[in-house]
Amino acid sequence: MITIEHEFDHSIITILDNKGGADDVEIIVDEEYCYIRQYDEHEDFNIVVITQYMLKELVAAYDMAEGSYVTNGKN
């Protein structure tokens, strides 16, 4: 299941594990960065910060074959 919320200056995408094996993942996207966070009972939240372009590359990489790629670098 996925939920999407649009706020004034950011959007929040929450991805839930349908089988309950992993905690929810939130992707918070603003004009410059994407924050990926997942609740951790020991640390509160684990947070990764990437650019929107890095997120696009991550999504594209899901369907690519094993290897090394050079992208065009356009945001």
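This is a predicted model: local features need pLDDT of at least 70, side-chain atom pairs count only at pLDDT 80 or more; totals for chains, interfaces and linings use all residues.
Modeller: Residues are numbered from 1 along each chain as its sequence is written, and side-chain values use heavy atoms, with hydrogens and water left out.

Biologist: What makes S1 and S2 a pair of strands?

Modeller: Strands here are DSSP runs of E, at least two residues, numbered from the N terminus, while helices are runs of H or I with at least four. Two strands pair if DSSP finds at least two bridges between them. S1 (residues 2–6) and S2 (residues 11–15) have five bridges in the antiparallel sense, so they pass that cut-off. Ile-4 stands opposite Ile-13 in S2, and the two strands form a hairpin with four residues between them.

Biologist: Why is S1 said to lie largely in the open?

Modeller: Buried means under 20% relative accessible area, exposed over 50%, and partly exposed in between (1.4 Å probe, protein chains only). Of the five residues in S1, the number buried is zero, so the strand lies largely in the open.

Biologist: What makes Tyr-39 and Phe-45 an aromatic pair?

Modeller: Rings of Phe, Tyr and Trp (its six-membered ring) pair if their centres lie within 6.5 Å; planes under 30 degrees apart count as stacked, over 60 as edge-to-face and the rest as tilted. The structure holds two aromatic pairs. In this one, Tyr-39 and Phe-45 are 5.7 Å apart centre to centre with 80 degrees between the planes, so the pair is edge-to-face. Tyr-39, at 44% relative accessibility, counts as partly exposed, and so does Phe-45, at 31%.

Biologist: How do you know that Arg-37 lies over the face of Phe-45?

Modeller: The rule wants NZ of Lys or CZ of Arg within 6 Å of the ring centre and within 35 degrees of the ring normal. Arg-37 is at 4.2 Å from the ring centre and is listed as lying over the face. Arg-37 also stands opposite Glu-26, in S4.

Biologist: Why are S1 and S5 called edge strands?

Modeller: The open sheet of five strands has the order S1-S2-S3-S4-S5, with antiparallel pairing. S1 and S5 (44–51) each pair on one side only.
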